[in-house]
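Welcome, and thanks for taking a look. Please keep the sequence and the coordinates at hand while you read.

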Amino acid sequence: MVLFLYSDKNCEHQAINCIKSLEHKITDDIKIVYYTIGFDSSFEFRNLYKFSIPLKPEYPTFHFYKADLALA
């Protein structure tokens, strides 16, 4: 199973809290893919794969990245 999360710097605390809340449910076969929009996260966690996505000026908020990330 793969879980996908994305956030900008302003909402990173919510993504981190979500990941931490799953701590006892993450087994070796579960991966967490975390896309960071316009920043690099220093957060580390078991089975966490981080990908930094550059800012796109044509997107007014980070919610517009959801469609792009779903196609990746």
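The notes below cover the model, its sheet, a helix and some salt bridges.

## About the model

This is a predicted model, in which local features need pLDDT of at least 70 and side-chain atom pairs count only at pLDDT 80 or more, while totals for chains, interfaces and linings use all residues. Residues are numbered from 1 along each chain as its sequence is written, and side-chain values use heavy atoms, with hydrogens and water left out.

## The sheet

Let's start with the strands. Helices (H or I, at least four residues) and strands (E, at least two) are DSSP runs, numbered from the N terminus, and two strands pair if DSSP finds at least two bridges between them. Here 3 strands make up an open sheet, ordered β1-β2-β3, with parallel pairing. β1 (2-8) and β3 (48-53) stand at the edges with a single partner strand each, so one side of each has no neighbour in the sheet. From one strand to the next, the twist averages 20 degrees; axes are lines fitted to C-alpha atoms, for helices over the stretch in contact, and angles run from 0 to 180 degrees between N-to-C directions.

Strand β2 (residues 31-37) pairs with β3 in the parallel sense over 6 bridges. Tyr35 stands opposite Phe51 in β3.

## The helix across the strands

Helix α1 (residues 12-21) lies across β1, β2 and β3, and runs at about 160 degrees to β1. Contact means heavy atoms within 4.5 Å.

## Salt bridges

Side chains of opposite charge can pair when their charged atoms come close. A salt bridge is a side-chain nitrogen of Lys or Arg within 4 Å of a carboxyl oxygen of Asp or Glu, and by this rule the count comes to 4. One of them joins the side chains of Asp28 and Arg46 (3.6 Å, N to O). Asp28 sits in the loop between α1 and β2 and Arg46 in the loop between β2 and β3, so the pair ties together parts 18 residues apart in sequence. For accessibility, buried means under 20% relative accessible area, exposed over 50%, and partly exposed in between (1.4 Å probe, protein chains only). Asp28 is exposed at 64%, whereas Arg46 is partly exposed at 42%.

Glu44 and Lys50 also meet through their side chains in a salt bridge (2.9 Å, N to O); Glu44 is exposed at 57% and Lys50 partly exposed at 29%. Another salt bridge links the side chains of Asp68 and Lys56 (2.9 Å, N to O). Asp68 belongs to helix α2 (residues 65-71) and Lys56 to the loop between β3 and α2, so this pair ties together parts 12 residues apart in sequence. Asp68 is partly exposed at 30%, and Lys56 is partly exposed at 31%.
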